[in-house]
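Give the cut-offs along the way.

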Amino acid sequence: MRVVVDLTRCQGYGQCAFMAPAVFTMHGQEALMYDPDPEAAQRERVLQAAAACPVQAIHIDRMATQHRTKEPEPSYATSHGDDAFKRDGHIVIVGASLAGGRAAGVLRRDGFKGRLTLIGDERYEPYDRPPLSKQVLTGTITVEHTALPHLREIEVEFLSGTPATGLDLAAKQVRLADGRQIGFDKVLIATGVRARPWPNEQEAALDGVHVLRTLDDAHRIRERLAAGVRRVLIIGAGFTGSEVASVCRDLDVAVTVVEAGPAPLAGALGKVIGDVAARIQRDAGVDLRCGVKVEALEGDADGRVRGARLSDGTTVEADMAVVALGAVRNIEWLAGSGLAAGPWGVATDAGCRAVDINGLVTDDVFVAGDVARFPHPVYHYQFMSLEHWGNAVAQAEIAAHNMLSDQAHRWPHLSLPVFWSNQFGVNIKSVGVPTIADEVVIAQGSVEERRFVAVYGYRGRITAAVTFDQAMWLDFYRDLIQRAAPFPPGFQMVGRPDELRAVPAEGPPRLAPAEGATVVVTGHDPAERRVTLVRHQ
């Protein structure tokens with residue numbers, strides 16, 4: 001039995017923890033943890049938990065669905081060519097992680113009966129990454145339990161441990177590292193990202209220096225933690241670094257976090273909310289040092305890491321270091337392909353079709369997941385890349401649908417970004433893009449109690465919302481963002497402060513959005529979702 005909880009939908013009610021406590025547990029007020037591969041004896045309890053979930057976020061033996069349609073098959077008439085492609089065509093998916101695996105499932109669900117090939121550079125079938133920085137590191141679950149529902153159930157030719165090395169658009173072939181060339185009629189690029197390594201190769205090679213992105217990375221860090229370490233150094237206080245720090249404190253391991261920015265999570269949520277995260281970390285016993293950088297990692301005569309030298313002249317002792325400096329998009333294999341691919345990712349249109357170096361949209365090349373860079377109408381058509389679980393699933397479904405559809409029936413990818421993080425017993429969730437904001441206001445709850453809703457605005461419109469243990473409000477604010485509702489919100493909400501005081505969001509430096517264009521998103525079903533331009537007078 002495989003269990004997948006769509007944590008973008010979960011609102012922390014905890015009914016599942018009552019129904020199946022051996023599988024689902026709540027950490028803190030709202031942070032849900034679960035075993036993706038529970039014992040067969042738990043099946044009846046898990047089924048009861050799924051039925052009791054108020055938001056139907058629990059899925060058994062299948063992937064969560066972001067886009068729910070009234071009919072799984074297209075309701076429009078198809079041409080002979082469309083039918084022939086669905087029956088005899090060949091689709092190749094490059095990238096066997098969440099987006100690639102989800103796209104394969106949707107293609108089969110929506111009637112593709114042709115040849116389907118999934119190419120992955122790792123030797124594993126698609127697995128879920130969020131548990132790696134949480135349950136796997138604590139030893140709550142093993143790495144084997146992170147696998148997503150099996151690919152064999154959707155009839156796919158899976159080429160594991162086989163990196164792609166090139167894409168020939170003219171010949172319609174994917175080149176593999178072992179010399180093979182795989183032909184295709186249509187191809188989906190879902191190669192994702194990899195962890196950014198420590199820039200000094202000699203220091204990065206010290207025993208005890210790790211990154212965290214893959215199943216193998218998590219296994220190595222878990223082994224080191226289980227063997228016993230005195231102090232862990234974490235370089236970078238983004239979501240990955242903060243979650244690893246949380247695990248270390250759960251295990252009663254001393255940890256120092258070094259962050260070049262002004263506060264943890266400030267790059268994603270801005271300094272105002274980052275300061276709240278900083279207080280949470282320090283209260284949990286983290287030695288948090290912001291506004292400084294690691295100048296060098298230092299090792300002993302045996303090549304083991306022993307500490308670091310910082311930019312403020314101080315030093316830190318550590319016998320393990322985790323480098324959490326963000327991600328690098330896996331686009332090197334696309335060199336010479338003619339696609340608009342670079343450090344930013346692979347450019348696409350809003351329908352997940354790849355853009356070539358001339359800015360022209362391709363017809364047979366699609367992109368989904370972390371590697372995609374796409375324009376979002378809600379955010380002034382800025383191109384953005386999102387390393388979020390929910391975006392990977394939603395974009396994979398849009399790409400799969402559009403691969404089987406003609407121009408008149410393709411869907412735009414208009415889903416608002418949603419992400420979550422469980423750290424230090426707090427469930428942090430976000431909808432929208434907080435960094436595209438100039439102000440933020442605490443609209444509900446209490447920062448002192450660490451249960452609140454922060455709403456972000458840009459020039460009088462709501463652009464994002466972040467909740468700390470208040471996930472039940474996220475759908476409400478998602479609707480406000482889609483309707484371009486005024487900022488600050490004027491509703492008399494539960495827990496609303498007596499006075500709303502908007503302050504500068506203090507986000508990271510960014511390019512200013514295009515002026516003058518605001519859109520309203522309408523429709524729920526992807527076939528009906530559209531935008532309407534609203535221009536300021």
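The paragraphs below go through packing, aromatic pairs, cysteines and local features in turn.

This is a predicted model, in which local features need pLDDT of at least 70, side-chain atom pairs count only at pLDDT 80 or more, and totals for chains, interfaces and linings use all residues. Residues are numbered from 1 along each chain as its sequence is written, and side-chain values use heavy atoms, with hydrogens and water left out.

A nonpolar core here is a set of buried Ala, Val, Leu, Ile, Met, Phe, Trp, Tyr and Cys residues joined through side-chain atoms within 4.5 Å. Buried stands for under 20% relative accessible area, exposed for over 50%, and partly exposed for the range in between, with a 1.4 Å probe and protein chains only. The largest core holds 51 residues, and Val5, Phe24, Ile58, Ile91, Ile93 and Leu107 have the most contacts inside it. Two or more residues come from each of β1 (3-5), β3 (31-34), α2 (43-52), β4 (58-60), β5 (90-94), α4 (98-109), β6 (115-119) and α11 (389-403). Of these, α11 gives the most, with eight residues. Helices (H or I, at least four residues) and strands (E, at least two) are DSSP runs, numbered from the N terminus. A second, separate core of 50 residues includes Leu225, Val229, Phe239 and Phe419.

Ala22 sits in the loop between α1 (15-19) and β2 (24-27) and is exposed, at 58% relative accessible area. Its C-alpha is 8.6 Å from that of Tyr34, 12 residues apart along the chain.

Rings of Phe, Tyr and Trp (its six-membered ring) pair if their centres lie within 6.5 Å; planes under 30 degrees apart count as stacked, over 60 as edge-to-face and the rest as tilted. The count comes to eight aromatic pairs. Phe85 and Phe112 form a tilted one, 5.5 Å centre to centre with 45 degrees between the planes. Phe85 lies in helix α3 (residues 80-88) and Phe112 in the loop between α4 and β6, so the pair ties together parts 27 residues apart in sequence. Phe239 belongs to helix α8 (residues 239-250) and Phe419 to strand β28 (residues 418-423), so parts 180 residues apart in sequence are tied together. Ring pairs also link Phe476, Tyr477 and Phe491 into a cluster.

Lys186 lies over the face of Phe85, 4.7 Å from the ring centre; the criterion is NZ of Lys or CZ of Arg within 6 Å of the ring centre and within 35 degrees of the ring normal.

Cys16 is buried at 8% relative accessibility, and Cys53 at 13%.

Helix α10 (residues 271-283) has 13 residues and reaches 18 Å from its first C-alpha to its last, close to the 18 Å expected, where the expected span is 1.5 Å times one less than the number of residues. Its buried residues include Ile273, Val276 and Ile280. Just after α10, Gly285 takes a positive phi of about 95 degrees.
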